[in-house]
Amino acid sequence: MSIEKGKAYFASVGMLDRVKEFTVSSATVALAAQALGCEECRIAKTLSFHVGERVVLIVCAGDVKIDNAKYKAFFGAKAKMLAADEVEPLIGHGIGGVCPFGINDGVDVYLDESLKRFEIVYPACGSASSAVELKLDELETHSKSLGWIDVCKPMA
């Protein structure tokens, strides 16, 4: 179960106490914000894409969406999200719990600039009823991201 992978990762870095598990779903930005009692924008949602032969995760604020023009300019390809049945086998976490921790080898992680307005954010931790509280520098370190990118825009 992928929550175990997320928890094992945070246990290995002495941060297991930051992992939160809920008795309710946190599978969407709105549900996660409700479970945590925070603003939706502070939920660090993780979106999964095919970029050629690579699998890429983009972690962004809960109140933004992919800007197709910016995405294409950065990656050199049109945004193509993973199909629902590809997510768990390729990433290591199922839909609703996708996060950049305890993921399969070979998955590239990027952090979107939309997160930089916050000191603390809440990504999922491997299940559709979990989250982990992280400072932005901790997210950067523990996601092992390849860097900060600007590929999102506010939701209309």
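The model is predicted, so local features need pLDDT of at least 70 and side-chain atom pairs count only at pLDDT 80 or more, while totals for chains, interfaces and linings use all residues. Residues are numbered from 1 along each chain as its sequence is written, and side-chain values use heavy atoms, leaving out hydrogens and water.

Let's start with the overall form. Along its principal axes, the C-alpha trace spans about 40 × 30 × 25 Å. Of the 156 residues, 50% count as buried, meaning under 20% relative accessible area with a 1.4 Å probe, protein chains only. Contacts (heavy atoms within 4.5 Å) also tell a story: among those with a separation of 6 or more, 64% come from residues 24 or more positions apart.

Now look for the five helices and 11 strands. These are DSSP runs numbered from the N terminus, with at least four residues (H or I) for a helix and at least two (E) for a strand. Two strands pair if DSSP finds at least two bridges between them.

With strand 2 (residues 43-51), strand 7 pairs in the parallel sense over two bridges, and Pro123 is the bridge partner of Ala44. With strand 9 (residues 134-135), strand 7 pairs in the antiparallel sense, again over two bridges; here Ile120 stands opposite Lys135.
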